[in-house]
Amino acid sequence: MKSILIIGMGRFGRHLCKNLAELGNQIMIVDEVEENLEEMLPLVVSAKIGDCTNENVLKSLGIANFDLCFICIGTNFQSSLEITSLVKELGGRYIISKANRDIHAKFLLRNGADEVIYPDRDIAEKLAVRHSANHVFDYIELTDEYSIYEIPPLPQWVGKSLKESGIRNRHNISILGTKREGKAKLMPSPDYVIKGDEHLMAIGKKADIDRILKALK
């Protein structure tokens, strides 16, 4: 359980708050508009109405007491930048700021953000990957080079164990888990026998996964 401050209760801030609360974290939320806070009140330990570009408002929050500070302001970059800088100056331990563009991210990182997130870009990229390939059921980018793909097995893998199929040696990917009827099993042993009606959660380089996807066509 962590102590978390979320500044900005727009659509992304509210979704973030709900998910963090479900995981048992203690959350304080802040927004200029009272209506944006009302729905979240049962989920948080504290809520405050205020303009966080005002240093006195931020000082009243006890910034240094939070494990994480999320700056979820996407429509006004100037405000996001000012708040990120002030939160850092007031002792923010780890600051995560929302950005819409790469140039915004560069300024945020230079002015106090420890991490920058691009929720709109990330969702768009994930949807593009999923719907551009017929055999990708889910997709998670880990780095510029490596991603996790949920894909069906090649026909020649079915009925063989992970070790017998030679997936790792021949295709340069690793199987992190399997999914069948919506239920996932992680870290299968080398003796696990691949079934034709399941999906494989494979981690690897995009080029290596692309070769497998072409073979599935």
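Guide: Welcome! In this structure, helices are DSSP runs of H or I with at least four residues, strands are E runs of at least two, and both are numbered from the N terminus. Please keep in mind that the model is predicted.

Visitor: How far apart are the end C-alpha atoms of α1, and what span should its twelve residues have?
Guide: Helix α1 takes in residues 11-22. At 1.5 Å a residue, these twelve residues should span 16 Å. That agrees with the separation of the end C-alpha atoms, which is 17 Å.

Visitor: How wide is the arc that the buried residues of α1 cover around the axis?
Guide: The buried residues in this helix are G13, L16, C17, L20 and A21. They lie on the same side of α1, because around the axis they cover an arc of only 125°.

Visitor: Which exposed residues sit on the face of α1 turned away from the buried side?
Guide: The buried residues of α1 pack against β1 (3-7), β2 (26-31) and β4 (68-71). The face turned away from that buried side carries exposed residues, namely R11 and E22.

Visitor: Which strands stand at the edges of the six-stranded sheet?
Guide: The six strands form an open sheet with parallel pairing, in the order β3-β2-β1-β4-β5-β6. Two of them have a single partner strand each, so one side of each has no neighbour in the sheet. Those edge strands are β3 (46-49) and β6 (115-117).

Visitor: What angle does α5 make with β6?
Guide: Helix α1 lies across β1, β2, β4, β5 and β6, and runs at about 165° to β1. Helix α5 (residues 102-110) also packs on the sheet, where it touches β5 and β6. Its direction and that of β6 make an angle of about 155°.

Visitor: Is G91 buried or partly exposed, and what is its relative accessible area?
Guide: G91 is in the loop between α4 (77-89) and β5 (95-98). Leaving out residues up to four places away in sequence, it touches I63 and A64. A residue counts as buried under 20% and exposed over 50%. G91 is therefore partly exposed, with a relative accessible area of 32%.

Visitor: Which element gives the largest share of the largest nonpolar core?
Guide: This core has 18 residues, and those with the most contacts inside it are W157, I167, I173, I175 and I212. The elements giving two or more residues to the core are β8 (146-151), β11 (199-205) and α9 (206-216). The largest share is four residues, and it comes from α9.

Visitor: Which residues does I175 touch, not counting those up to four places away in sequence?
Guide: I175 is among the residues with the most contacts inside the largest nonpolar core. Beyond four places in sequence, its contacts are L162, I167, P188, L200, M201 and A202.

Visitor: What is the relative accessible area of E181, a residue with positive phi?
Guide: Most residues other than glycine have a negative phi. E181 is not a glycine, yet its phi is positive, at about 55°. The place of E181 is in the loop between β9 and β10 (183-186). E181 is exposed, with a relative accessible area of 79%.

Key: Residues are numbered from 1 along each chain as its sequence is written. This is a predicted model: local features need pLDDT of at least 70, side-chain atom pairs count only at pLDDT 80 or more; totals for chains, interfaces and linings use all residues. Side-chain values use heavy atoms; hydrogens and water are left out. The expected span of a helix is 1.5 Å times one less than its number of residues. Buried means under 20% relative accessible area, exposed over 50%, partly exposed in between (1.4 Å probe, protein chains only). The arc is that of the directions from the helix axis to the C-beta atoms. Contact means heavy atoms within 4.5 Å. Two strands pair if DSSP finds at least two bridges between them. Axes are lines fitted to C-alpha atoms, for helices over the stretch in contact, and angles run from 0 to 180 degrees between N-to-C directions. A nonpolar core is a set of buried Ala, Val, Leu, Ile, Met, Phe, Trp, Tyr and Cys residues joined through side-chain atoms within 4.5 Å.
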